[in-house]
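Please view the sequence and the model first.

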Amino acid sequence: MELVKSIVTPVSLDYDYVTGRAQSRFLRGIAEGRILGQRCVECRRVYVPSRGACPRCAVPTEEELQVADKGTVTTFCIVRVPSENLAFNPPYACVAVLLDGANIPFNHVLQECALEDVRMGMRVQAVWKPAEELGPSMSSIRYFKPIAEPDAEYDSFKEHL
Amino acid sequence: MRDVAIVSFAQSAKAKEQRNEVEILMPVVREAVRACGLPRTEIGFTCSGSSDYLQGQSFAFVGALDAVGAWPPIKESHVEMDGAWALYEAWIKIQTGDVDSALVYSFGKSSPGDIAEVLALQLDPYTVTPLWPDAHSLAALQARAFLEATGKSERDLAEVVARSRRSAIGNPHAVVSGEFDVEKLLLEPCVSSPLRAHDLPPVTDGASALVMVAGERARKLCERPVWIRGIDHRIEPQGLGVRELARSASTEIAGARAGVHKGRVDLAELHAPYSHQELILRAALGLGESVDVNPSGGALTSHPLMAAGLVRIGEAAMRLMARDGDRAVAHATQGPCLQQNLVCVLEGD
């Protein structure tokens, strides 16, 4: 008897994703071309995207504020492995950006920059879709691009790696 | 064995939540921690129970830590099980002497997906899941086996429902409650014969949390701490065909090992998501007519999946804290047709 070596059992489940209050407000802000964060009432850290909670202090974060759409690359990686559903063709740089006014980095893609020039500390800014195409989605920010500002000192972002 | 007591409990349950899991969980955890009287940073261990399949997101349980405050770094663990099993792990951790207190929490939203289908993924992945038997139909197979084996009738099931919904009146965490006429319930169509919609657990989103403390410290923190006098859990085979569905052999063993029969039982909170399961569990634990079963209304009136078992322990503990009794049995289940069962015996100080 020949053993069965493989079977195919398709699995598909549909979910209605619930963003929750804090993330809904954040995504509504994105649809207006604004990046919103929330400040912890206890430790004063500003979280972007808004999470509704400070994971250090275990308190709800209710104070909302707008942060800049430019910031500092704290760290990065070059994506070279192709996979499904990538918005960009490899190789490209995935960057962690500490937006001005925020206390935790924010992940996005860097373009308009040679890969060998990507570095920690470089200053970057969001490139938004045209106003009429903005929606409650992170794809409203097409990517980040380098700007003509001097690199940030390592000490200014070393706590956010 | 170290004496371990439950000193606080909190919960949340709604039919459909627009808040995400962290937003639901945070006030519940905060309330349980506030009520226990220990500063958050002095709680020795944190253990949670949840299932990422409910959210459809891998490692969703890690995101839930936002609600707890994991700074300075905490000792933490998670079980992909109902929170009652997280409580069991925390109880063991306290028994080892490694820690003296523990926060246990659990959460689950049944509303984002088709829960009866999601639960098909806990079955044998090669021979059963590809058939996609929904959870309600599997429960109906068990209900039919139970009625055939015992001579009970659909009326007996409807009476469980009517009593549960009556008990749930006044429970702010019940998503269904009120006075219901057994005759009218029996006129409802079957969802999966012999079960009607009211025999099934209501779709519920929620969370639960409690704090346990070992020894004398519990008496300083709580006016009437509730001691865990016995706890045990047992599992049956995965294959439904090899199990005796009309009774719950695993609950019988767990109940005996936990010491249910060593004293009078004033009240019991049984995790019976389907009406016939309450009758199976009553028989397995030998609970007579004098026992107040599911004074909260039970899982037929509020069923935040993954949290509902821990809710049974918390509900029973809160009643003992309020001196509504001295000795209680709390039970939690997991898996299709009562596959795995945990029994714990609680006593007020």
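## A cis bond in chain B

Pro194(B) is placed in the loop between β5 (190-192) and β6 (195-196) of chain B. In this report, helices (H or I, at least four residues) and strands (E, at least two) are DSSP runs, numbered from the N terminus. The peptide bond that joins Ser193(B) and Pro194(B) is cis, with omega at about 10 degrees.

## Basis and confidence

This is a predicted model, in which local features need pLDDT of at least 70 and side-chain atom pairs count only at pLDDT 80 or more, while totals for chains, interfaces and linings use all residues. Residues are numbered from 1 along each chain as its sequence is written, and chains are lettered from A and ligands numbered from 1 in the order in which they are written.

The model has an ipTM of 0.85 and a pTM of 0.94. For chain B the average pLDDT is 96, and 100% of the residues score at least 70; pLDDT is the predictor's confidence in each residue, from 0 to 100.

## Further backbone features

In chain A, a cis peptide bond joins Pro90(A) and Pro91(A), with omega about -5 degrees. Pro91(A) lies in the loop between β6 (70-79) and β7 (92-99) of chain A.

Most residues other than glycine have a negative phi, and most peptide bonds are trans. Trp132(B), not a glycine, has a positive phi of about 50 degrees, and is found in the loop between α5 and α6 (135-150) of chain B. Trp132(B) counts as partly exposed because it has 14 C-beta neighbours inside 10 Å; a residue is buried with 20 or more other C-beta atoms within 10 Å of its own, exposed with 12 or fewer, and partly exposed in between, C-beta atoms being placed from the backbone.

## Helix α4 of chain B

α4(B) has 13 residues. Its buried residues include Trp85(B), Tyr88(B) and Trp91(B). After α4(B) comes Gly97(B), with a positive phi near 85 degrees.

Gly83(B), Ala84(B) and Leu87(B) of α4(B) meet Gly309(B), Leu310(B) and Ile313(B) of α12(B); contact requires C-beta atoms, placed from the backbone, to lie within 7 Å.

## Where the chains meet

Between the chains, 24 residues of chain B are in contact with 20 residues of chain A. On the side of chain B that touches chain A, α1(B) gives the most, with 4 residues.

Key. Two residues are in contact if their C-beta atoms, placed from the backbone, lie within 7 Å. The expected span of a helix is 1.5 Å times one less than its number of residues.
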